[in-house]
Amino acid sequence: MLTKAHMYKAVPYFPILLFLLNVWLKLLHLTTAAIGHDEPFSIYYAQNSISTLVEELRKGNNPPLFEVVLHFWIKLFSISPFSVRMLPALLACLCPVVLYYFAKRNFSFWVGIASSLLLTFSDLLLYYSHDCRVYSLFVLLTLLSVYYYLEVICSNRITFFKQILFVVFSTLLIYAHYFGFFVLIIQGTHLLFFHKKQFLKTSLNYLIILILYLPCIFNMVMRFGASIKGTWVEPPSGIDSLYNMLWSFSNFPFITVTCIAILFFGGIKAIISKAYLKWKEDSSVILILGWFLIPFFCMFFISYRMPMYISKYLIFILPAYYILIALCCETLFKKAVYCNVILTALILCFAFTNDLNPDKKQPIFEAINIIKQHKDNNTLVIIGSDQILPTIAYHYNRAYFSLVADGKEYYLTDSLLRADNVYCIYNPAEIQHLLTGRFTKVIYLGLDGKSNSSDYPLVSTINAAYSFEKQKELKGGNWRISFYTWPKK
């Protein structure tokens, strides 16, 4: 019979087993979906020199940390799909382990077990573990920053080493993603209201973080100003957006409703039983509440003016969500056995609904196969959108994609593709001289309904020189790729 003594004896092995479980889950279908979305952007720029990489990223909304790490990773392991995705996958595998140690130390053994397993089986974390972008690093650094924040303010003796780790991880956090400032603001507010005696001493750490971040401050302010004018993200659609966000955190609608009920009734019982008075004494729970609620609702309301309310931007609050679910279960059920049964059932629901092979909804492999099947030396391929040039280039010829020129975006890649009769053109005037040449067939790739329609200027120009023969349309996510082939008139 498995006793409580046996369970606690097995504790030292749990983080190892947790990590191995995550490695198996995250690597199982690591390269099943094609490299796509924004991944080619990160991979391409990570191949540049550090100075060029940092300078180019200043033009967009991405701080440079992940691409800098990826730069050195690529030097060691190449730009193959498995290599580049291994980095975010390993970072994602560490997140539940850090969450376990954090929750166990600050709350309880069972909260550590439950929250780390819920994060392990999270669809959202698994999806971004298969994405060569910053988001798994964002979660990991958030956890480490909050972990060492509590170590600094809650320890009887503040050690210099812990303060150094807090400063390092917090600085890396805001160099990884601008929304990392949410975490630091929440920590600062928590410090001011619940640990006033330590405020002056601990606030020196934030001053050091700010000084270390000075090289990026100006660019962050400029990007924030540019985002106020509008972003590619759609504004929220009322309460549906709040529910859909929780759905993305909870894998499945039924589980979402269950989690909402646990949070709601757990919160009500905490108020009735005055458990919140205990929370004020041990303010760690208040910190977790702020970590989850402030970004969740603030970003929702801000998004009506400056849209940003999408799951990848809120992924850093995922650990707080799972900790709160475990804490509310403990509040709802006085007997530990009932609490553990509910949490076990919830973990199993997460496990059975965990999508191990997430669909990125981009028909990239199909697109490349069609090009290669229909293309010969006398075929002209027109890519009608610069948005898909990096993705097509990566899969069409990785050797072309791996050649970079400082200060010239996709310059060598585009030149080599043109030498192979693959052109990225969206101005009809640029295509005229090509259509009078030696090509006997044209294949056209648009991105959306507008650029695929027959009255689109680029398509109309091709129609004037070639007889339309056949069309094949591929749909997936925001991709609407039409393949038109025209034999010459």
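A nonpolar core is taken here as a set of buried Ala, Val, Leu, Ile, Met, Phe, Trp, Tyr and Cys residues joined through side-chain atoms within 4.5 Å. In this predicted model, the largest such core has 141 residues, and Phe102 and Phe249 are those with the most contacts inside it. Helix α9 (residues 135-154) supplies the largest share of this core, with 15 residues. As background, nonpolar side chains in soluble globular proteins tend to be buried together.

Leaving out residues up to four places away in sequence, Phe102 touches Phe107, Val146, Tyr147, Leu150, Ile288, Trp291 and Ile323.

Val442 leads on to the strands. Strand β3 (residues 441-445) runs parallel to strand β1 and is joined to it by 5 bridges, with Val442 of β3 standing opposite Leu380. Strand β1 also pairs with strand β2 (residues 422-424), again in the parallel sense, over 3 bridges; here Ile382 stands opposite Tyr423 of β2.

Because its relative accessibility is 7%, Leu389 counts as buried, the cut-off being under 20%. Leu389 and Cys424 are 35 residues apart along the chain, yet their C-alpha atoms are separated by 6.7 Å.

Two helices show how burial can be arranged around a helix axis. In helix α4 (residues 50-57), the buried residues include Thr52, Leu53, Glu56 and Leu57. Viewed down the axis of α4, the buried residues fall within an arc of 125°, so they line one face of the helix. Helix α20 (residues 364-374) has Ile364, Ala367, Ile368, Ile370 and Ile371 buried. The arc for α20 is 160°, and its buried residues therefore line one face of the helix too.

His37 has a positive phi of about 50° although it is not a glycine, and its place is in the loop between α2 (14-27) and α3 (39-46). With a relative accessibility of 34%, His37 counts as partly exposed. Ser78, likewise not a glycine, has a positive phi of about 80°. The loop that holds Ser78 is the one between α5 (65-77) and α6 (81-106). At 35% relative accessibility, Ser78 counts as partly exposed, because that class lies between the buried limit of 20% and the exposed limit of 50%.

Key. Residues numbered from 1 in each chain as written. Predicted model: local features only at pLDDT ≥ 70, side-chain atom pairs only at ≥ 80, totals over all residues. Heavy atoms only, no water. Pairing = 2+ DSSP bridges. Helix = DSSP H or I, 4+ residues; strand = E, 2+ residues; numbered from the N terminus. Buried < 20%, exposed > 50% of the residue type's maximum accessible area, 1.4 Å probe, protein only. Contact = heavy atoms within 4.5 Å. Arc of directions from axis to C-beta.
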